[in-house]
Amino acid sequence: MTNGAYPQIRMRRNRRDHWNRRLVRENNVTVDDFIWPIFVAEGQGKKEEIDAMPGQFRWSPDRIAEAACEAADLDIPAVAIFPEIEKAKKDPDGSEALNPHNIVVQAIKAVKAEAPDIGIVCDAALDPFTSHGQDGLVREGYVVNDETVEVLCQQSILQADAGCDVISPSDMMDGRVGQIRKALDEAGHDHVRILSYAAKYASAYYMPFRDAIGSSTFLGQGDKKTYQMDPANTDEALREVALDIQEGADMVMVKPSLPYLDVIRRVKDTFQMPTVAYNVSGEYSMLKAAGERGWLDYDRAMMEALISFKRAGADAILTYSALEAARLIQCGYEG
Ligand code: PBG
């Protein structure tokens, strides 16, 4: 033994007892950290399990408040609402996004009525509504920026009018945070917050989500590499975040999260902004699948993933596991 500190110093002493491990724990996951994404679909009386996301459901507008109430009962601060739009309503310009009676608007109103204290987050993006599955308008084969941003501004106002508390631009168009801020303010929504998907990567981990909202079949072999970020880059993520802060973002998001813990850490260290990790669908589904096969203990692997986001510097986590984690925490989960 060449370490001169030993045997006086034994790192294992602080790990010996449960009470001691609790005392020296550096990070904690609490229910305060969670935003739970929920899915709304056309129809009535519907609660339909999503194939690629066991344990997650598509709710019709008349039932979605049940999901929000479950979250509210567990004291989860917010839900994020995502729509599955039926094929007949999709078109190249995603015009259903601006229908003042679309299912997002219906869901916002239903949740506000039944669970008035829970925060509501909604995407500003067109992919659930477009027949090609892209987040914006396509002109001559290219997802155009400025014209898309104009639509996103109108979509944001529509959602804010319905009662949405947080607009979350997930499209990665340039300049959209500033334009949406301006549009919201002009429409009298200066209290509506913007949670920007600031560093969003062109990732393979969104596939179960695209199944959930039915955009994958429309996107086909298409990809989103001309607007979402290259997984190889981190300096670029800092530039993206800096711009969104400058344009007025209240909170910034890194997405996905497990393969991008380094990005979360750099963003938090550089900007000290409220920083949100999106524990995306593929991260959820892979743990679920392994858990179902008995290859992993799902609860433990999931809680370990959540603590990794806190360790990396995240203040909040969008996670499909929010209800499960909240219940475990409530029961005194210790790992
Ligand atoms: C749409 C959007 C996506 C997700 C959230 N908003 C998918 C995408 O960009 O293709 C992914 C969420 C997840 O995988 O859990 N702009």
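**Ligand contacts and a buried aspartate**

Tutor: In this predicted model, a polar side-chain atom of Asp123 lies 2.9 Å from a nitrogen atom of the ligand.

Student: Which ligand atom is 2.7 Å from the side chain of Lys200?

Tutor: An oxygen atom of the ligand, facing an N or O atom of the Lys200 side chain. For Tyr320, a side-chain N or O atom is 2.6 Å from a ligand oxygen.

Student: How much of the ligand's accessible area does the protein cover?

Tutor: On its own the ligand has 400 Å², and the protein covers 100% of that. The ligand sits in the largest cavity.

Student: Which elements give two or more residues to the shell around the ligand?

Tutor: Strand S9 (193-200) and helix H6 (207-212). In total, 19 residues surround the ligand, with Lys200 and Tyr320 among the closest. The shell divides into nine nonpolar, three polar and seven charged residues.

Student: Away from that topic, why is Asp33 called buried?

Tutor: Buried means under 20% relative accessible area. Asp33 has 6%, so it counts as buried. Asp33 is found in the loop between helix H1 (18-24) and strand S1 (34-41).

Student: Which backbone atom does the Asp33 side chain reach?

Tutor: The backbone nitrogen of Thr30, at 2.8 Å.

How values were computed. Residues numbered from 1 in each chain as written. Predicted model: local features only at pLDDT ≥ 70, side-chain atom pairs only at ≥ 80, totals over all residues. Heavy atoms only, no water. Near = heavy atom within 4 Å. Polar contact = N/O pair within 3.5 Å; in protein donor to acceptor, adjacent residues only side chain to side chain. Areas by Shrake-Rupley, 256 points an atom, 1.4 Å probe, with all protein chains shown as cover. 1 Å grid on protein atoms, 1.4 Å probe; cavity = no way out; pocket = protein on both sides within 12 Å on 5 of 7 lines; lining within 4 Å. Sits in = over half its atoms within 2 Å of the grid points. Helix = DSSP H or I, 4+ residues; strand = E, 2+ residues; numbered from the N terminus. Nonpolar A, V, L, I, M, F, W, Y, C, P; charged D, E, K, R; others polar. Buried < 20%, exposed > 50% of the residue type's maximum accessible area, 1.4 Å probe, protein only.
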